[in-house]
Amino acid sequence: MPQVLFNVDNGILCDKNAQILAINSSVEYKELISSISTRTQLEEESERVSSVVRKSFQSVMLSHRWQKYEVTLRDMQGYSITKLPHSGSASKLQNLCRTAAELGYRWAWSDTCCMDGTAELQESIISMFSWYRHGALTAVHPPDVAILTSSEWHQRGWTLKEFLASKTVLFSTRYLAFSMQSATGFRREPVSTFSPGIKDGDIAYSLCGVFDLQLPILYGRKRRL
């Protein structure tokens, strides 16, 4: 899991310790602990346990195009996203948390303010494919145009990794009728059944995770991945 996540109940960023505290104090966790006291009960209730764990730990991921001004990790220190003015950037994150809550999930993640842009950057870039792969779903926010093929979201490099890694992708209502096959040029089958690796002659693309590789990240002033 990412080190920092939005708690969608209150819109506050939580580190690992705060995440564990929130889960331990949840009604679902307490009910689960009180109803299972032996190993036999645990084995008999394995399916229910798995369901509660998924709901408790999985997060809704955001796939989007950065705007000129984005809410950052520093901006969120001591604040709730729900209390920030409804600007383009804040509204995007508020909608993300609202969507996650409506779908019954506790956590949400965005690259704009849920990771440290310095100390944890390399680890985060390497881990992001896995985060999107194991997330509950990915919510797409292409705000610029109504036609997806002309959207900057469709043209950005990170979209490929997020789109292939995610098992479920959620578009806003106005995009639901649009054919992703037409937008991407990919056939539906390889995209929906994609797994990391280079089998079947996939064309190499310089994004960590897509081919299950870990490479040094040279991401800065003059050199980019």
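## Exercises on a predicted model

Glu28 and Arg106 form a salt bridge whose closest N and O atoms are 3.4 Å apart. A salt bridge here is a side-chain nitrogen of Lys or Arg within 4 Å of a carboxyl oxygen of Asp or Glu. This is a predicted model, in which local features need pLDDT of at least 70 and side-chain atom pairs count only at pLDDT 80 or more, while totals for chains, interfaces and linings use all residues. Residues are numbered from 1 along each chain as its sequence is written, and side-chain values use heavy atoms, with hydrogens and water left out.

### Exercise 1: From Arg106 to Val8

Find where Val8 lies and what Val8 touches.

Step 1. Val8 belongs to the loop between β1 (5-7) and β2 (12-14). With a relative accessible area of 9%, Val8 is buried.

Step 2. Val8 and Arg106 are 98 residues apart along the chain, yet 5.6 Å separates their C-alpha atoms.

Step 3. Leaving out residues up to four places away in sequence, Val8 touches Cys97, Ala100, Ala101, Tyr105, Arg106, Trp107 and Ala108.

### Exercise 2: Other salt bridges

How many salt bridges does the rule give, and where do Glu43–Arg39 and Lys92–Glu70 lie?

Step 1. The count comes to 5 salt bridges.

Step 2. Take Glu43 and Arg39, whose closest N and O atoms are 3.5 Å apart. Both residues lie in helix α3 (residues 39-44), 4 residues apart, about one turn of the helix. Arg39 has a relative accessible area of 66% and is therefore exposed.

Step 3. Now take Lys92 and Glu70, with closest N and O atoms 2.7 Å apart. This pair links distant parts of the chain: Lys92 is in helix α5, and Glu70 is in the loop between β3 (59-64) and α5, 22 residues away. Lys92 is buried at 2% relative accessibility, and Glu70 is buried at 12%.

### Exercise 3: Helices α6 and α8

Describe how α6 and α8 meet, and which kinds of residue make the contact.

Step 1. Start with the axes, which are lines fitted to C-alpha atoms, for helices over the stretch in contact; angles run from 0 to 180 degrees between N-to-C directions. The axes of α6 (residues 121-134) and α8 (residues 158-165) come within 7 Å and cross at roughly 40 degrees.

Step 2. On the α6 side are Ile125, Met128, Phe129, Tyr132 and Arg133; they meet Trp158, Lys161, Glu162, Leu164 and Ala165 of α8.

Step 3. Sort these residues. The contact has 7 nonpolar, no polar and 3 charged residues. Here Ala, Val, Leu, Ile, Met, Phe, Trp, Tyr, Cys and Pro count as nonpolar, Asp, Glu, Lys and Arg as charged, and the others, Gly among them, as polar.

### Exercise 4: Trp109

Is Trp109 buried or exposed, and what does Trp109 contact?

Step 1. Trp109 is in strand β4 and is buried, with a relative accessible area of 0%.

Step 2. Beyond four places in sequence, the contacts of Trp109 include Val4, Leu62, Leu96, Met128 and Tyr132. The C-alpha atoms of Trp109 and Tyr132 are separated by 9.7 Å.

### Exercise 5: Confidence

What is the mean pLDDT of the protein, and which stretch stays under 50?

Step 1. The mean pLDDT (the predictor's confidence in each residue, from 0 to 100) is 78, and 71% of residues reach 70 or more.

Step 2. Residues 202-206 stay under 50, and the model has 9 contacts for them beyond four places in sequence.

Key. Helix = DSSP H or I, 4+ residues; strand = E, 2+ residues; numbered from the N terminus. Buried < 20%, exposed > 50% of the residue type's maximum accessible area, 1.4 Å probe, protein only. Contact = heavy atoms within 4.5 Å.
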